[in-house]
Every structure is written in structure tokens, then in C-alpha cells.
Amino acid sequence: QQTAKLSYHWGPTHPAAVFANKFAELVGERSKGALTIQVFPSGQLFGIRDILGGVSSGAVEIGGAVGVVSFPTLNKNYNVTNLPGVFESFEQIRGFFAETEVGKAIMEDVTSAAGIEIIGFNPVGPSAVFTTRENVTGIEGFKGVSARVLTDADRPRWEALGAGRMVSLPTGEVYTALQNGMIDTVATVPGAIKGYSWWDFLKTAQMPYFQFNDAYFIANKPWLDSLSPELRQIVLDAAAEIGAEATEAIMAESDKVLEEFAAKGGTVVTFEGAELEKLSAMERNEVLPKMLGEVDQDVVDAALAYVGKK
Amino acid sequence: MPLLRLYMKFNDVLGMLCLIVACCGVAFAIIALSAAALERLLFGFGYAILNDLPPLLMPWVVFPMMGVLLRADRHVTVDFLPHFLAPRGRLFLNLLLGAVICAAAVWLLMGGLDALAFFRRLRQTTETGIRFPLWWIYLSFPVGFALLAWFALEKAITALVELLTGTPVRNHKDGLQS
Amino acid sequence: MIPIALAFSSILLILSVPIFLVFGIGSALIASVDLNLPWATLLQVSFAAVTKQILLAIPLFIFAGYTMVKGGIATRLVNFCVTLVGHWPGGLGVSMVLAMGFFAAFCGSILAAITAIGTVLMPRMVEEGYPKPFVVVLAAMAALLEGLIPPSNAAIIYSSLTSVPVSRTFAAGIVPGIVLMVMLSAYVAWRCRHMPRSARASWSERWQSFVAAIPALLTPFIILGGIYSGLLTAAESAAAAGVWSLLIGFLIYRELTFRGVIEALVATAIACSAIFVIIGMATFLSVVLTFTQAPQHMIDFLTHLGTGPVTFLIMVAITCLLLGTFIEVVPIFYLVLPMTVAALAPLAVDPIHYYIVLTAFIGLGMLTPPVCVGLYTGAAVIRLSPEKAFKELPGFLMLGIAYGLLMILLPSLATWLPGHV
Ligand code: NA
Ligand code: NA
């Protein structure tokens, strides 16, 4: 009869929260109550930036961690997942970290520094660009936008698009900022425009998705090692199963949100042909070089080689 | 007595140092945020560092000030009991208080050092424009608790000396302009 | 351990151990002994609380307030208010309410408001025959406006503890603030109806005092205009208010000195540390509350009782009044909010409405002895022994409670304006 705590920052309606809860239930069922996972949602225990420390210190046994928020603070090369025009799916990102020597080394560094183990995936979703402007059909349409930046890594993209200003804003302030015009453009996952009601003001979604934000079930390693082999296997299996289900669901869910967005009067513009080529050229020639400072060259090369773009 | 005077003079300087650090932090926040707003209106780049660094420095503004606040007696307590006590009783209370706070602060200090060791092992860095280890900020906790213990000890010592000698050690003006 | 920690904390509180330490020790005992939590967790959560971007607005608004104290703004403001309403029954008292209301729209410091307006107006009121205790309690009560009228620390703290954007909590306080000004003015006018009245100011005097006060009166437009036009974030608008008050003090009124700025900076550093150490240590308590799932138990209990929104709000109001007797404003927010905020959705209480009710009742704690900073500060301005002012308390407290009940029963006073900005 053991209990473990699972903490994540997502609000109750976020798909990642739903799957985290499912995982907790599944472990309880399969272990027939030998291991109960108590869930602390909505950042009650640890916020998005704190969960790594929370699991690492053993305050909670399992956490939901967003890769680009938690891992670059331990190894900046995790930012390779943010490079424009490199990875085009969650599978590619995960494959890079699982199969290449360079990728494995990054994950090994992160997990050993924090004393954690990654037991499964629980992705946040793919990112697109959303703006309050209407009829944006090409990259010229973004000239002079006021864009929200979350980290410095967002900057080169907005600069290349010719943004008029960039505002560093916490998520809680974005709704009002869109309302009063402090910002008019955000890059985010579709779930966020619905979850935070930002779509009250946003008019256009620009596709294709340009980034895939993975999140992870992370577990405290000493705790995981202290479990009996059977329990440990139950936890790992449950995390793997839920992870697969979550990944499939998040892409479908994101597309569904975009449909709802369109039904509410928004426009989903998917760049194709010449416009897509212009966008890709911009990413390659303007955004990528500026982001190279964030990631070591050999990591960039390995990633490009892995996805066959070198 | 000259030794005592030297000891308290040293504490005055120490308290003043904490205050100067805090003032610099506040001044930096004002300048950085005004600059951030102005820069964004004029040029639009919106440097995250101007917005993100000032809040990150707040622990260094705040925690070293715990001891100074204790010294200055700045409405941070429930002043209830002192009203019912005779001057001598108040001295006893101060002695007890100094000792209790000192012990509590030492306990918190040990906890703070324990946590600091953890954060050094974790070696997380900031995400702002300039990267630095987060434990630089976490260091403000143990430093703050140590200063609190130190100033609590002073409170106990001065109360003890006053009890023994019967003369006020100082005119309780504690080196802070109000 | 929990009962032991509670008893131990109470003893520390009575011994007059600083409140931040009482929070810290009591919670850390439970966390490390009962919950077996690593110290890293306490520090991590405290760090996250203290470094919240939005909270940075607190020191910046306090600095703006203290700079205005040093920069000659208060005198102009008071003159303007006195020429406007000084001839009314209880005219100087009503001027105090009005001037406090204006000053509240400049800054985020209750003590700066009492010091600034009080220093100019309180001696004058005493000279004209207003009883000292009445003057002191009025000044302390008028400072309650500071918590309601934006910018306010209460709004900033509420926003940092909930997901309500600060622009909404700011907007929420405006109508309730004006209602309080009206109720206070009416009470003062009635209480002081037999007092000698000042002569009615001529229109040219009014014009002159208005012109002199214009730079000061522009401040709220800079702060709120900056936020609602989308040009500034809340913290930036606080910084802008500070810069603006430096400009007025140095260039327009020319009463501000370099020494004055340093003194304002020192006062800010002290006032803001006093608030932030409480925030930093109160989060130790919130860690304990979350890990023990105490709020969840309380919500289950309330649902079990079948409590409705009004009953809930009255229960919270009574709790705040009781706590407010012994504890300061900021720690009460950190005690009460984490416990109750999850109950708002199930009980269908609008978070904006809840903010106003909390602020009204917690603000009354500034008046209730023995811990009543507002009253002590007011008494210090005219060097009255605070105990002498206590006899004026019942009338004002009754008014305050009536006001709070009004806020409970009329949620639209709080929610109407935020819905329209
Ligand atoms: Na205010
Ligand atoms: Na009180």
C-alpha cells in the first residue's frame, strides 16, 4: 500500500491534464491499489518552472514537465527542438533523443543532473502563429505586428517577420494584452487559444505548425528505483501507453480546436507553394542563424542529419 | 563597554549595507522597467532581460532585510504583550525574544543551507538574456537567515547587558532614518 | 504535529516574534516533521512567489507614493480639495476623504497616503476644532480607500494569488472606492454638522488651486491610461508613476531634493521588504496547506453544509475581521486566499466580487487594535497617543461593516466596471 504524488501545472481542461489523470488512474487499477497516485493539478504544488526541482528534490514523485521550459535550464542544447524548419513531428524529436549519440547525451545529461527519469510523453501540442489581423495570406502580412515573447528564443522569428514590437508577458496577462492591443500576435498551441479564451480576439491562424512542444512524465529516480520490479513495470507501462494515446490525441485535439476557431469566424491560413517556400527560406536564412547561439553547432548538425535535411 | 560599542557599531554598518543593497535593487527595478517601457515605445525590441531580471533580484532585496526589520521594529510584530510589562519585564522579554528568534533563525539557516546544496547540485540556470546559475539567487535565503540570527543575537545581548548594568545600551535609534 | 505547531506559533505571536518568522517556523515545522518535505521545496515555492513579475509593481507604486510625499504634491492636492468642498458641513473632513481618494489613485502605499495627506491636513483640522481622535480615525479609515482605488497592493497581491489579471482587479476597485468616499463623506458631514465651516472659496481661488494641482491630477491618467491603452504592463506603469512623480517634484513643483529621493528609496526598501518577507514566508504555509489538502477538506465541508455564496462571504468576512484584529493586511491575504479561492467556482462567487469583499474587511483590520498600523500612523502624525483615538472607533467600524455588507450584497458594484474595460 504505497502512495505517490503527481504534480502538474495544467488547468483541468487541458488535454495534458486529462492524460495525467488517466495515467494516475491506470496505475491505481493495474496495481490493484498497491500504488495510489494522488494528483495535484493546476500548479497547486509546483508551477511550470518549479516542477523539475519538485521532482528532483523528491517533494513529489512524478511531475508533468514541459521540455522547453524545464530542460534548457539544465542543458541549453535541448533548445534544438525549437530550431525552425528542423523537426516536423513529435516522432522525429523523440527519435533524435532516443537514437542519436548526440541526442542521447543531452537527455542523459539532463536526467542525471536532476536525478530524474523520463517515463513517458504527454505533449503540450504543436505551435502555430495566431494574430488579430485578418486576411494574412503571406509573411508580409506580419509586418509591424506586436508580438508576445515567452523566452528570448522566440525573438529571431518575430524579428525576421518584421514585428513592430515584442512584449515579454506572463501567460496570465496575455488575454488583457490582446484585448487592449498591447500585443496582436502570439505563437502558441491551439489548446491555449481556446483554454485561455484568447480566440475572443484572434482572427487568423497561420499553418503549418512550426514547432512541436513535447512534455514529459518525469519521475524521481531514487523513488522509482525503490519500487518493487512489478510496480515499477506497471508505472512504466502505464506511462508508455498513456503517452502514445496522448500524442495521438493532442494532434487530433489541436486540429479540432482550429476547426472550432474557424467556426467562430476565425480564418485558418495554410501557407502552400510559393508562400511556404518563402517562409521556409526565411526560417533557414534569417531565423536559424540567429538561434545558433542557443544550441551547439554539432547538435544542430546531428539534428539536421537525423531528419535528412543536411 | 568599548567592546560592546564596537560590536554595535559593526552591526550598524552591517544593517546599513543590507539597506543599501535593498535600495539598489529597488532603484534598479525602477530604472530597468522604465527603460523597458520607453525602449518598447520607441524601438519595439522589448528586451526580456529588462523585464525579467528585476523580479529575479527581489530575493536579494528582501531576505537580507529580515534582520534589519527586526532591529528597526517596523510594525512586523503583534505588539501586544509589551504594553502590559514594566520596563524590566520588557528587557526580559527582549532577551527571551532575541534568544528564541536567534534559535529559530539558526534552524532556518540550516534548512536554507541544505536547500542551497540541492540547488547547486541541480545546477539550473536562468532563462533571461544573461544566463547565470539559479543558486546565486537561492543564496539570498541562507544569507538572510544568518543575518537574522546575527541581529537577534544582538537583541539578546543588549537586553542582557541592560538587565545586568541597569543602564540603556543605546537610544534605540537603530541606525535607520524613518 | 499540526496542533503543536499551531500552539507554538500562537506563543511566538504573543511573544511579539515578527509575523514573517511565525509563519516560517510554524509551517516549516509541519513541513519537515509531519510531511517530510525537503527544505528545497519550501525555498523553491517561496522563490517562485517572491519573484513574480506582477508583484514588482508593489515597491514601484510605494516609491511613487513616497516621492510624492517628498515632492510637494500633497499640499497642492489638499488645497484643491479644500477650495472645492471646504465650505460644506464638516468641510475639512470631507476634503480629507477627497484628497485621500485622489492620493489613493497615485500610489500603492497606505502609510504614504496617511503621512502625505495627514501631515498637511490633520494639524489644520485640529486647529479648527476637530477632535483629535476623530481626525486620527478618519485618516486611518480614509486610507482604506488606498486598498480599493487603483493602483493598490491588495489588487496586485490578489492577482498574483489568483488568475485574475491585474487590469481587472484594478478596475474592480473604482466604483466601490467611490461608494466608500460617498459614505464616509456623508458620515463626516453628519458628525461634524455643528463644526464651524470654512468660507466658500471663490471661483478664481478654485481655478488657481486646480491649475496648481494639474500635474498631480494627471498621475492616475498616466497609470491607468498606460495600462488600459495597452502601452504599459502593470509593473511598467508603476515605474512610470515613479518617474513622473520625480519629474513633477524636480521640474514642476521644485520641492524635491536629491536627499528626498534617497529618503523615499530607503522608505520604499523598508516598506517593501516588510511586505515581501511576509509573502516569502507565508508561502511556506501555503505549501503545508496544499500538501495536507486543507482547502479541499474545507470545500467539502462547505458543500456538505450546503453553504450558499452570501453565507460563505459573511463567514469569510467575519474571519477577516477577527484575523485583522491581530494580523496585518498582507499576511491575511496569504492566509485566507489559498484556503478559499478554490471554493469560488463551486459556490458561483465571481473572483472580482470576492476581491472587493476581502479588501473591504481586511482593510478594516487597519483600524482594530492592537495591531492597527493605519491608526498608529495617523496618531503619530499629530502626536496623539493611539489609545486615546480608540473611542472614535465604534462609529467608524460600524460604517465600515455596513459598507462591507453592501459590497457582499451588491456584487455588481464590483463586477460592472471590469466587464466594461
Ligand atoms: Na491606491
Ligand atoms: Na487590526
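The structure is a predicted model. In chain C, residues 11-412 are 78% helix and 0% strand, and the end C-alpha atoms of this span lie 42 Å apart. An unreviewed UniProt entry assigns to these residues of chain C the feature "domain: TRAP C4-dicarboxylate transport system permease DctM subunit".

On the α4(C) side, the contact is formed by C:Gly65, C:Tyr66 and C:Val69, and on the α7(C) side by C:Leu111, C:Ala112 and C:Ala116. Five of the residues in this contact are nonpolar and one is polar, with no charged residue taking part.

Chain B contains six helices and zero strands, and its pattern along the sequence reads α-α-α-α-α-α. Among the contacts in chain B with a separation of 6 or more, 75% involve residues 24 or more positions apart. Of the 178 residues of chain B, 52% are buried. The accessible surface of chain B amounts to about 8,300 Å², and carbon and sulfur atoms account for 72% of this surface.

Technical notes:
Residues numbered from 1 in each chain as written. Chains lettered and ligands numbered in written order. Predicted model: local features only at pLDDT ≥ 70, side-chain atom pairs only at ≥ 80, totals over all residues. Heavy atoms only, no water. Contact = heavy atoms within 4.5 Å. Helix = DSSP H or I, 4+ residues; strand = E, 2+ residues; numbered from the N terminus. Nonpolar A, V, L, I, M, F, W, Y, C, P; charged D, E, K, R; others polar. Buried < 20%, exposed > 50% of the residue type's maximum accessible area, 1.4 Å probe, protein only. Areas by Shrake-Rupley, 256 points an atom, 1.4 Å probe, with all protein chains shown as cover. UniProt positions renumbered as here; feature names shortened; annotations may be inferred.
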